[in-house]
Amino acid sequence: MIKRVIFPLVEKHLSNTEITLIIGARQVGKTYLMEMLKNSLEKQGKKTLFLNLDIDSDLQFFTSQSILLNKIKLHLGEQKGYVFIDEIQRKENAGLFLKGLFDRHLPYKFIVSGSGSIELKEKIHESLSGRKRMFELTPLTFTEFVNFKTNYQFENSFQSFFKVEKTKALEFLEEYMNFGGYPKVVLAGTLEEKRAVMGEIYQSYIERDIKDLLKLEKTEAFTNLIKILASQMGGLVNVSELSSTVGVAMQTIQNYLWYLEKTYIVKRVTPYFRNVRKEITKAPLYYFYDNGLRNYILGLFGVPIITLLSGHLFENFIFNRLRELITYSSTTLHFWRTRDNAEVDFVVQTGTQLIPVEVKYTKLKKPEISRSMRSFLNEYKPKKAYIVHLGERNEIEIDATTISFIPFYEEILEK
């Protein structure tokens, strides 16, 4: 069993009358999470009903609200019960359908999940305004991955484990950067099995999500775009250049990029700027939610990581660590680049507070900062700055800024 950090948060929300909405990419473990919630409720003596719209025998009950309610009443009666609905994006106008059920003030709590399709992210989000809380499930985080790999022996002493087991820490990092965190990939025992599982995840995404959502007969242009994004991960993205390279209109490229974000494949990071004359203000970067999927797309899945590629993978790894930390908050994540070629990998913005973060795939033996970081410090004078690397913790002061050099496994942005 793989423990998910989000489980207790979702479980706590079961006592709320709002619809509990679990969304995320294909194969990240949404159904498994719902089954765990169902088992937990049943152990408490609660009544539950589980319906999956991927199953034809369940799908038939969603032709109307009255038919579904008859099904629910048959199993749960008129008393309080918990209704799990998996793969809700298969239902047309799912948001309005659920809104109609919720507004009847029924004695049933609805727990709903589905892939991050546009139907789920947009129409349901609009229809269920004020009626739901949304929980995003991603591939396994690095913490979840390591805890599973160590059989949860060090679940409560995660940092201590890494401080002692330095070699093992780097081995786990390399494995995670190579294969990623999709649960079925992590559980697969051999390289062949891992490759087959990842291939199935990717093809299923293209064939079932993208073909259906974009109504494409041919997916060549879309898959070529993904390959380009994977090859220049963390690099500036110019839509005009992509349009020319892929051979489709700029509007089509923008549409594809939007769909890639909404289906949890990539995440766009925008530049931070205050001085328009000095700083690049338009082109965004794209990072992948999962390094393993990115590697598979480029034919590098399972290939030993070489130094030339590892820096990009490590940067993507740290991006996801930061993304996890700021989820469900008003904090935003940016990057910083100037026309003088100064750049900082990430800028964390909370209100008016800025925290620059640089990523170094090396063991820094002494606390040194780059010209780019120094430029940012001079320009914005933040209170804190971080350098994430493979070595030990250290700290220095430069003017009014405390710069923390932290190992990759420690929590960035500590309070």
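This is a predicted model: local features need pLDDT of at least 70, side-chain atom pairs count only at pLDDT 80 or more; totals for chains, interfaces and linings use all residues.
User: What radius of gyration does the chain have, and what would a compact globule have?
Analyst: The C-alpha atoms fill a box of roughly 70 × 50 × 45 Å along the principal axes. For 415 residues, a compact globule would have a radius of gyration near 22 Å.

User: How many helices and strands does the secondary structure of the chain come to?
Analyst: Among the elements are helix α4, residues 65-76, and strand β13, residues 401-407. For the chain, the secondary structure comes to 17 helices and 13 strands.

User: What is the order of the strands in the open sheet of 5 strands?
Analyst: The edge strands, each pairing on one side only, are β2 (48-52) and β5 (132-137). Strand β1 (residues 19-24) runs parallel to β5 and is joined to β5 by 6 bridges. From one strand to the next, the twist averages 15°. The pairing in this open sheet is parallel, and the order is β2-β3-β4-β1-β5.

User: Which residue in β5 is the bridge partner of I19?
Analyst: Strand β1 covers residues 19-24 and is joined to β5. The partner of I19 in β5 is K132.

User: At about what angle to β2 does helix α4 run?
Analyst: Helix α4 spans residues 65-76 and lies across β2, β3 (81-86) and β4 (108-115). Relative to β2, the helix runs at about 140°.

User: Is S113 buried or exposed?
Analyst: S113 has its place in strand β4. Not counting residues up to four places away in sequence, S113 touches I22, K30, M34, I85, D86, E87, I88 and Q89. Its relative accessible area is 0%, so S113 is buried.

User: Which residue takes a positive phi in the hairpin of β12 and β13?
Analyst: Strands β12 (residues 394-398) and β13 (residues 401-407) pair in the antiparallel sense over 5 bridges. One of the bridge pairs joins E397 to T402 in β13. The hairpin has 2 residues between its strands, and the residue with a positive phi, near 55°, is D399.

User: How many residues apart are K149 and E175?
Analyst: Side chains of opposite charge can pair when their charged atoms come close. K149 forms a salt bridge with E175, with the closest N and O atoms 3.0 Å apart. This pair links distant parts of the chain, K149 in helix α7 (residues 142-149) and E175 in helix α9 (residues 166-179), at a separation of 26 residues.

User: Why does the pair of E410 and R393 tie together parts that are apart in sequence?
Analyst: The side chains of E410 and R393 meet in a salt bridge at 2.9 Å, N to O. E410 is buried, at 10% relative accessible area, whereas R393 is partly exposed, at 36%. Because E410 lies in the segment after β13 and R393 in the loop between β11 (384-389) and β12, the parts tied together are 17 residues apart in sequence.

User: How many salt bridges does a search of the whole structure find?
Analyst: K99, D103 and R131 are linked in a network of salt bridges. Another salt bridge joins the side chains of E368 and K366 at 3.6 Å, N to O. E368 is partly exposed, at 45% relative accessible area, while K366 counts as exposed, at 52%. Over the whole structure, the search finds 16 salt bridges.

Methods. Residues are numbered from 1 along each chain as its sequence is written. Side-chain values use heavy atoms; hydrogens and water are left out. Two strands pair if DSSP finds at least two bridges between them. Helices (H or I, at least four residues) and strands (E, at least two) are DSSP runs, numbered from the N terminus. Axes are lines fitted to C-alpha atoms, for helices over the stretch in contact, and angles run from 0 to 180 degrees between N-to-C directions. Contact means heavy atoms within 4.5 Å. Buried means under 20% relative accessible area, exposed over 50%, partly exposed in between (1.4 Å probe, protein chains only). The radius of gyration is taken over C-alpha atoms; the globule rule is 2.2 Å times the number of residues to the power 0.38. A salt bridge is a side-chain nitrogen of Lys or Arg within 4 Å of a carboxyl oxygen of Asp or Glu.
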